[in-house]
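Thanks for coming. I will go through one structure today, helix by helix, and then a few single residues.

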Amino acid sequence: MKNSNVYQWIMENENRKKILIAINQPLTAKQLSKRVGIPVDTCSYLVAKFTFKGLLTCLNPGAIKSRLYGLTEFGIRCRKQLHQALELLYKEYNMPD
């Protein structure tokens, strides 16, 4: 999928934008839901879509619950681009060692 198509997909929905802005470190869908203020089921659905589109990756795929998701390099680039487009202060993505 082309980068511009994914970025356009993000820009079409407020919840998608909120999630990409809010994820500045690896989080579970529930943590992200609380941070963004959207229902957990909606957030879980969007996390799955973000993973499918190559923006997020599951850091503990063997877990049944509390899967931890982090941004991919592509996701970090899209997040930076979104911050620039919305003229928001950009805080570097914090990936623990």
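Just after α3, G37 takes a positive phi of about 85°. Before I go on, this is a predicted model, in which local features need pLDDT of at least 70, side-chain atom pairs count only at pLDDT 80 or more, and totals for chains, interfaces and linings use all residues. Residues are numbered from 1 along each chain as its sequence is written, and side-chain values use heavy atoms, with hydrogens and water left out.

When I say helix or strand, I mean a DSSP run, H or I with at least four residues for helices and E with at least two for strands, numbered from the N terminus.

Back to α3. Which residues of α3 are buried? They are A29, L32, S33 and V36, where buried means under 20% relative accessible area, exposed means over 50%, and partly exposed is in between, with a 1.4 Å probe and protein chains only. Seen down the axis of α3, these buried residues fall within an arc of 105°, so they line one face of the helix. The arc is taken over the directions from the helix axis to the C-beta atoms. On the face turned away from the buried side, α3 carries the exposed residues K30 and K34.

What do the buried residues of α3 pack against? They pack against α2 and α4. Contact, here and later, means heavy atoms within 4.5 Å.

Take the α4 side. Helix α3, residues 29-36, and helix α4, residues 40-52, pack at an angle of about 115°, and their axes are 9 Å apart. Those axes are lines fitted to C-alpha atoms, for helices over the stretch in contact, and angles run from 0 to 180 degrees between N-to-C directions. A29, L32 and S33 of α3 make the contact with V40, C43, S44 and V47 of α4. Sorted by class, that contact has 5 nonpolar, 2 polar and no charged residues. The classes are these: Ala, Val, Leu, Ile, Met, Phe, Trp, Tyr, Cys and Pro are nonpolar, Asp, Glu, Lys and Arg are charged, and the others, Gly among them, are polar.

Next, helix α1, residues 3-11. Its buried residues are V6, Y7, W9 and I10. Seen down the axis of α1, they fall within an arc of 155°, so they line one face of the helix. The buried residues of α1 pack against α2, α4 and α5.

K17 is in helix α2. Is K17 buried or exposed? K17 is buried, with a relative accessible area of 12%. Leaving aside neighbours within four places in sequence, K17 is in contact with I10, M11, L82 and L86.

The other is C78, in helix α5, residues 73-85. C78 counts as buried because its relative accessibility is 2%. Not counting residues up to four places away in sequence, C78 touches Y7, I10, L20 and L55. C78 and L55 are 23 residues apart in sequence, and 8.0 Å apart in space, C-alpha to C-alpha.

How many disulfides does a search of the whole structure find? The search finds 0, a disulfide being a pair of cysteine sulfur atoms within 2.5 Å. C58 is in no disulfide, and the nearest cysteine sulfur, that of C43, is 14 Å away. C78 is in no disulfide either, and there the nearest cysteine sulfur, again that of C43, is 17 Å away.

Last, the loops. T28 is in the loop between α2, residues 14-22, and α3. At 13% relative accessibility, T28 counts as buried. Leaving aside neighbours within four places in sequence, T28 is in contact with S66, R67 and L68.

N60 is in the loop between β1 and β2. N60 counts as partly exposed, at 26% relative accessibility. Not counting residues up to four places away in sequence, N60 touches S66, R67 and L68.

That leaves S66, in the loop between β1, residues 56-58, and β2, residues 69-71. S66 counts as exposed because its relative accessibility is 55%. Phi of S66 is near 55°, a positive value in a residue other than glycine. Most residues other than glycine have a negative phi.
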